Amino acid sequence: MTLWQDAAQGTQQAVGYPALFVLVALGALVPVIPTGALVSSAAVVAFHQRAFPFGLLLVFAVASLAAFLGDLALYWLGRSGVRSRGGSRWLERLRGRATPERLAQAQRRLDEHGVLVLVVSRLVPAGRIPVMLACLLAGLPLRRFARGDGPACLAWAGTYGLIGVLGGSLFSQPWKGVAVAVGVTLLISGAPALWRRLRPAP
């Protein structure tokens, strides 16, 4: 029984970590995949494995690296659009996901705090794209963007990994912890949009 469990966990890790990397990186490029929920779910599974805490550290490393590389790729594509006369579909997608009000707010914060605002933007639901677009329009070099985005991705992966650990610690069955972690992350991501709908118009 122990050998079967070890083999099952080995197979799960061999498939799970590469899949996590691909999905998180893809989610950074196409911001419709709930990457926070993916990281939290992976953290729940890692919490219940025999390799804990090494599995959890691997989830953190894979998620933060994938988010960082995905952000860099999207920023590079956006810079190509800014420099070209006709723009690009990637730049247009970024513009379409940032309202003028949120973009103006992001530009003010970028002027006040520099690339440190990237750390906060990664943790605030729907905050990453407006700040990234503000960096693009300000002509921020890729290298400088990377210096701010690296700590932002580490903080993001750590936060959602912690949500997964808390969810996993509540139940002995991993699927229950996954359900709680996914529910919490979806609630966090949907809270700003719900607040904008419910608050009275000025």
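Helices here are DSSP runs of H or I with at least four residues and strands are runs of E with at least two, both numbered from the N terminus. Arginine 128 lies in one such run, helix α7, which covers residues 128-137. The model is predicted, so local features need pLDDT of at least 70 and side-chain atom pairs count only at pLDDT 80 or more, while totals for chains, interfaces and linings use all residues. Residues are numbered from 1 along each chain as its sequence is written, and side-chain values use heavy atoms, with hydrogens and water left out.

The chain has nine helices and zero strands. Its pattern along the sequence is α-α-α-α-α-α-α-α-α. Of its 202 residues, 38% count as buried, where buried means under 20% relative accessible area, exposed means over 50% and partly exposed is in between, with a 1.4 Å probe and protein chains only. Contact means heavy atoms within 4.5 Å. Among the contacts with a separation of 6 or more, 78% join residues 24 or more positions apart.

Helix α7 is a place to begin. Nine of its 10 residues are buried, so α7 is largely enclosed by the rest of the structure. The buried residues are Arg128, Ile129, Pro130, Val131, Met132, Leu133, Ala134, Cys135 and Leu136. Arginine 128 has 13% relative accessibility and therefore counts as buried. Apart from neighbours within four places in sequence, arginine 128 is in contact with Gly27, Ala28, Pro31, Asp71, Leu74, Ser121 and Arg122. After α7 comes glycine 139, whose phi is positive, near 75°.

Cysteine 135, also in the list of buried residues of α7, counts as buried because its relative accessibility is 0%. Cysteine 153 likewise has 0% relative accessibility and so counts as buried. The structure holds zero disulfides, a disulfide being a pair of cysteine sulfur atoms within 2.5 Å.

Next come the helix pairs. Two packed helices are described by the angle between their axes and the distance between the axes. Axes are lines fitted to C-alpha atoms, for helices over the stretch in contact, and angles run from 0 to 180 degrees between N-to-C directions.

The axes of α7 and helix α5 (residues 100-113) come within 8 Å and cross at roughly 65°. This crossing is right-handed; a crossing is right-handed if the near helix is turned clockwise from the far one by less than a right angle, and left-handed if anticlockwise. From α5 the contact uses Arg102, Leu103, Ala106, Gln107 and Leu110, and from α7 it uses Pro130, Val131, Leu133, Ala134, Cys135 and Leu137. These residues divide into nine nonpolar, one polar and one charged. Ala, Val, Leu, Ile, Met, Phe, Trp, Tyr, Cys and Pro count as nonpolar, Asp, Glu, Lys and Arg as charged, and the others, Gly among them, as polar.

Helix α2 (residues 35-47) and helix α8 (residues 142-170) form another pair, with axes that come within 7 Å and cross at roughly 50°. The two are therefore oblique to each other; angles under 35 degrees count as roughly parallel, over 145 as roughly antiparallel, 65 to 115 as roughly perpendicular and the rest as oblique. The crossing of α2 and α8 is right-handed. The residues of their contact divide into nine nonpolar, seven polar and no charged.

Alanine 37 also lies in α2. Its relative accessibility is 8%, so alanine 37 counts as buried. The C-alpha atoms of alanine 37 and alanine 179 are separated by 9.7 Å, although the two residues are 142 residues apart along the chain.
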